[in-house]
Amino acid sequence: MTSYDIPYWKKYTLSIEEAASYFRIGEGKLRKLVSDNPNAEYLLWNGNRV
């Protein structure tokens, strides 16, 4: 961990990769949840990326 790394529990948002690691589920499962729920309140989009 470098001095620039912020622990997951202190971040406001997580990437798919970070969320998969934190919640211990696969990236594929998370991506499926995102694609199945495009209007969910808990998604943050940056252009066409979640």
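Buried residues (under 20% relative accessible area, with exposed meaning over 50% and partly exposed in between, using a 1.4 Å probe and protein chains only) make up 16% of the 50 residues in the chain. This is a predicted model, where local features need pLDDT of at least 70 and side-chain atom pairs count only at pLDDT 80 or more, while totals for chains, interfaces and linings use all residues. Residue numbers run from 1 along each chain as its sequence is written, and side-chain values use heavy atoms, leaving out hydrogens and water.

**Overall layout**
- The chain has 2 helices and 0 strands; these are DSSP runs numbered from the N terminus, with helices (H or I) needing at least four residues and strands (E) at least two.
- The accessible surface comes to about 4,600 Å², and 52% of that belongs to carbon and sulfur atoms; areas like this come from the Shrake-Rupley method with a 1.4 Å probe, and for residues only the protein chains shown count as cover.

**The core**
- The largest nonpolar core has 5 residues: Ile16, Ala19, Ala20, Leu30 and Val34. A core here is a set of buried Ala, Val, Leu, Ile, Met, Phe, Trp, Tyr and Cys residues joined through side-chain atoms within 4.5 Å.
- Helix 1 (16-23) and helix 2 (27-36) are the elements that give two or more residues to this core, and helix 1 gives the most, with 3.
- Ala20, one of the core residues, touches Ile25, Gly26, Glu27 and Leu30 once residues up to four places away in sequence are set aside. Contact means heavy atoms within 4.5 Å.

**Around Glu18**
- Glu18 sits in helix 1 and counts as buried because its relative accessibility is 19%.
- Its salt-bridge partner is Lys11, with the closest N and O atoms 2.4 Å apart. The term covers a side-chain nitrogen of Lys or Arg within 4 Å of a carboxyl oxygen of Asp or Glu.
- Lys11 is at 28% relative accessibility, so that residue counts as partly exposed.
- The side chain of Glu18 also reaches the backbone nitrogen of Ser15 at 2.9 Å.
- Leaving aside neighbours within four places in sequence, Glu18 is in contact with Tyr8, Lys11 and Thr13.

**Other salt bridges**
- Side chains of opposite charge can pair when their charged atoms come close. A search of the whole structure turns up 4 salt bridges.
- Glu17 pairs with Arg31, the closest N and O atoms being 3.1 Å apart. That pair links distant parts of the chain, with Glu17 in helix 1 and Arg31 in helix 2, 14 residues apart.
- Both ends are partly exposed: Glu17 has a relative accessible area of 38%, and Arg31 has one of 42%.
- Asp36 bridges to Lys32, with the closest N and O atoms 3.0 Å apart. These two are 4 residues apart in helix 2, so about one helical turn separates them.
- Asp36 is partly exposed at 46% relative accessibility, and Lys32 is partly exposed too, at 47%.

**The aromatic pair**
- There is 1 aromatic pair in the whole structure. Rings of Phe, Tyr and Trp (its six-membered ring) pair if their centres lie within 6.5 Å; planes under 30 degrees apart count as stacked, over 60 as edge-to-face and the rest as tilted.
- Tyr22 and Phe23 have ring centres 5.0 Å apart and planes at 85°, so the pair is edge-to-face.
- Tyr22 counts as partly exposed, because its relative accessibility is 41%.

Terms used:
A polar contact is a pair of N or O atoms within 3.5 Å; within protein, one must be able to donate a hydrogen and the other to accept it, and residues adjacent in sequence count only if both atoms are side-chain atoms.
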